[in-house]
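Subject: Structure for your review

Dear colleague,

Please find below the structure that I am handing over to you.

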Amino acid sequence: MPLQVLIIGGGVAGLRIGTLLSENNISFKIVESRERLGGRVLTKHDNTEDYFDLGPTWYWPDTEKHIESLLNTYNLSTIEQYNEGDSLLELSQNQLPKRIAASNVNNRSKRIVGGVNALVTALNNHISDDHIILNHKVESIYQENQSSYSVVTLNQYSQTHETFHADIVVLTVPPRLVLNSIDFRPPLPEPLQMDLLNKPTWMGAQAKIVVTYQYPFWRDENLSGNVVSWAGPLREIYDATTSSGKAALFGFFSLPPAERNLKSEVSIKEEVIQQLTKLFGSQAQAYEQILYKDWSQDGHTVTEGDKLNIESFPSYGPPPKYFSNMLFAGTEYDAVHGGHIEGALSSANQISQEIRNIVSSSSK
Ligand SMILES: Cc1cc2nc3c(=O)[nH]c(=O)nc-3n(C[C@H](O)[C@H](O)[C@H](O)COP(=O)(O)OP(=O)(O)OC[C@H]3O[C@@H](n4cnc5c(N)ncnc54)[C@H](O)[C@@H]3O)c2cc1C
């Protein structure tokens, strides 16, 4: 019998492991709790079928080689992040915004045409459908013996339980969520539990908003769309105009999750339009559509502890090794690019190699 690999989570890391195992004819299944693939990648269409990212937007080709090479392999087109013109700096609610020379924050960053979901679709297209099981949330993992696990899922529709046998389990669920939402028998060793707890979910406290317009009017004023604001509710704003020319701005919030929770979505959107009007003038009121996603409310990504903003960059990297057949992959386990899609891909590469080694030594 070939070894059975069960990948838990169908985000970028889980899907990339799936494509690499497919290429090596290793038998696997991916179980995903959501009704869609992609995890933190979330590309939404507006009413004109144009695309906007409410999860990750950028990659940095100068330093991120895994994603760059995968985009080339899959022939996915990219565009430069628009950065021409001045940026705005908003120091407080009572002061007018100041023009400053273009910021370099996102210099050389690129976006994927079609949104980051184009990468998710390309990965998915290289995995046959019978390897993917959606709407199954892993609830418990029982270690049967040194090299065998029973993984129990809850079907999100029928609310029935199902048990999967696995010789190798790969957890690509964000580390804190592993600890919070999966019951391990026997329990995970304490140092491993501490390690997972100390790896906050990247961007877990964030929300993202996209406001679409008929025309990128800020560019006429020689503004890039880049804003740094200490006034809020948005802390950073960027141009999100698509490759087909559909105009948009997107922003990250300075309002923490607890404060966002006290407001309705309608009033958050109104405050954002007021801020955009103050920054870019009355044309900002003539928006077409607003897309909004509060990640701190998403139980497939965050725990309660992730609702606090991360104060300093977390120490991401591989967890201490206690099991040869229970592996951990995902962006929070990559020491160099942890947090980014690049980290998820790099971790997926490394864990796929480990799986190949286990499979080849078992067949000797
Ligand atoms: C607002 C925002 C902006 C970002 N901006 C950028 C950016 O510009 N550039 C960049 O490189 N990165 C960015 N990131 C980070 C990027 O999205 C992540 O690094 C990457 O998507 C992580 O992939 P992953 O596979 O490791 O984890 P995830 O995408 O979180 O995948 C984990 C999967 O596990 C599933 N799951 C959870 N629990 C269970 C369970 N019990 N059973 C089964 N399945 C389960 C989840 O549904 C999910 O599909 C951003 C993220 C956010 C939220």
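The notes that follow cover a cavity, a pair of helices and a pocket. Please bear in mind that this is a predicted model.

The cavity

A search of the whole structure for cavities of 30 Å³ or more returned one. The space in this largest cavity amounts to about 90 Å³. Its lining consists of Y51, F52, D53, T57, R111, I112, V210, A240, T242 and F250. Two elements, β4 (51-53) and β9 (110-112), each give two or more residues to that lining. Of the elements, β4 contributes the most, with three residues. By class, the lining of the largest cavity comprises six nonpolar, two polar and two charged residues.

The helix pair

Helix α1 covers residues 12-23 and helix α9 covers residues 341-362; their axes come within 8 Å and cross at roughly 40°. How are α1 and α9 placed relative to each other? An angle under 35 degrees would count as roughly parallel, and one of 65 to 115 as roughly perpendicular; the crossing is at roughly 40°, and α1 and α9 are therefore oblique to each other. The handedness of the α1 and α9 crossing is right-handed.

On the α1 side, the contact is made by V12, A13, R16, I17, L20 and L21. On the α9 side, the residues in the contact are I341, A344, L345, A348, N349, I351, S352, I355 and R356. Sorted by class, the residues in the contact of α1 with α9 are eleven nonpolar, two polar and two charged.

The elements that supply two or more residues to the lining are β21 (326-328) and α9. In terms of class, the lining of the second largest pocket holds ten nonpolar, two polar and two charged residues.

With kind regards

How values were computed:
Residues are numbered from 1 along each chain as its sequence is written. This is a predicted model: local features need pLDDT of at least 70, side-chain atom pairs count only at pLDDT 80 or more; totals for chains, interfaces and linings use all residues. Side-chain values use heavy atoms; hydrogens and water are left out. On a 1 Å grid over the protein atoms alone, a cavity is a set of points where a 1.4 Å probe fits but cannot get out, and a pocket is an open set with protein on both sides within 12 Å along at least five of seven lines; lining residues have an atom within 4 Å of a point. Grid points are joined across faces, edges and corners, and a volume is the space filled by probe spheres set on the points. Helices (H or I, at least four residues) and strands (E, at least two) are DSSP runs, numbered from the N terminus. Ala, Val, Leu, Ile, Met, Phe, Trp, Tyr, Cys and Pro count as nonpolar, Asp, Glu, Lys and Arg as charged, and the others, Gly among them, as polar. Axes are lines fitted to C-alpha atoms, for helices over the stretch in contact, and angles run from 0 to 180 degrees between N-to-C directions. Angles under 35 degrees count as roughly parallel, over 145 as roughly antiparallel, 65 to 115 as roughly perpendicular and the rest as oblique. A crossing is left-handed if the near helix is turned anticlockwise from the far one by less than a right angle, and right-handed if clockwise. Contact means heavy atoms within 4.5 Å.
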